[in-house]
Amino acid sequence: MSELKPAAQRVQDALRARGLGCEVRHMSHTTRTAAEAAKACGCSVGQIVKSLIFRGGRSGKPYLLLVSGANRVDEKGIASAIGEPLRRPDAQDVRDITGFAIGGIPPLGHDTPLATFMDEALLTYAVVWAAAGTPDAVFAIAPAQLAEATAATIIAMG
């Protein structure tokens, strides 16, 4: 295994701490967008996990949404499931919440514990691919393992 960049190593450490045998790897091409990640990983766009940060419109509480790369977030529907409207934080707020920059936000290993919601569409795949801290790092995981590792609530997002 080649040496991981520090942010990717943090994700690898978080995976190990949860007893997961997933291997973070740096790809030769960017994985910043779902389409780029799918191409780099050799999978469908639906198998890409987008890790999106929102804040509660009333509480200000940060939420992590793990969304299939094939789906767009239905903010009103998700707000109904969560119990408050959502707002998108700016890039600096996302970095402050997670410790990672947009384009490489992983589903775990964040600076702040996050209430997490996972797209039920991800459960239709045997394996999904998630960002691992940098715009070129990813890891593969069974979606049920991902849900368990992140204590995610499963909801419809698309």
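Tutor: Buried means under 20% relative accessible area, exposed means over 50%, and partly exposed lies in between (1.4 Å probe, protein chains only). Helices (H or I, at least four residues) and strands (E, at least two) are DSSP runs, numbered from the N terminus. This is a predicted model, where local features need pLDDT of at least 70 and side-chain atom pairs count only at pLDDT 80 or more, while totals for chains, interfaces and linings use all residues. Residues are numbered from 1 along each chain as its sequence is written, and side-chain values use heavy atoms, with hydrogens and water left out.

Take α4, residues 91–98. Its buried residues include D93, V94, I97 and T98. They sit on the same side of α4, because they cover an arc of only 115° around the axis. That arc is taken from the directions from the helix axis to the C-beta atoms. An α-helix has 3.6 residues a turn, so residues three or four places apart point the same way.

What does that side meet? The buried residues of α4 pack against α1 (6–17), β2 and β3 (62–68). Contact here means heavy atoms within 4.5 Å.

Now the two ends. D90 caps the N-terminal end of α4, with a side-chain oxygen 3.2 Å from the backbone nitrogen of Q92. A polar contact is a pair of N or O atoms within 3.5 Å; within protein, one must be able to donate a hydrogen and the other to accept it, and residues adjacent in sequence count only if both atoms are side-chain atoms. Just after α4, G99 takes a positive phi of about 85°.

The T98 side chain reaches the backbone nitrogen of F100 at 2.9 Å. Leave aside its neighbours within four places in sequence, and T98 is in contact with R10, I53, I105, G109, H110, D111 and L114.

One of those partners is H110. H110 lies in the loop between α4 and β5 (115–119). Its relative accessible area is 17%, so H110 is buried. A polar atom of the H110 side chain lies 2.6 Å from the backbone oxygen of P106. Beyond neighbours within four places in sequence, H110 is in contact with L64, T98, F100 and I105.

β2 packs against the buried side of α4, and β2 also gives the most to the lining of the largest pocket, with seven residues. That pocket holds about 400 Å³ of space. Of its 23 lining residues, the closest to the centre are R32, K50, S51, L52 and G103. Elements giving two or more residues to this lining are α2 (34–41), β2 (48–56) and β6 (128–131). By class, the lining has 15 nonpolar, five polar and three charged residues. Ala, Val, Leu, Ile, Met, Phe, Trp, Tyr, Cys and Pro count as nonpolar, Asp, Glu, Lys and Arg as charged, and the others, Gly among them, as polar. On a 1 Å grid over the protein atoms alone, a pocket is an open set of points where a 1.4 Å probe fits, with protein on both sides within 12 Å along at least five of seven lines, and lining residues have an atom within 4 Å of a point. Grid points are joined across faces, edges and corners, and the volume is the space filled by probe spheres set on the points.

The chain then runs through a loop between α5 and β8, where A151 lies. Phi of A151 is near 50°, a positive value in a residue other than glycine. At 63% relative accessibility, A151 counts as exposed.

Last stop: β8, residues 153–155, with I155. I155 is buried, with a relative accessible area of 13%. Neighbours within four places aside, I155 is in contact with I78, A81, F117, M118, D119 and E120.
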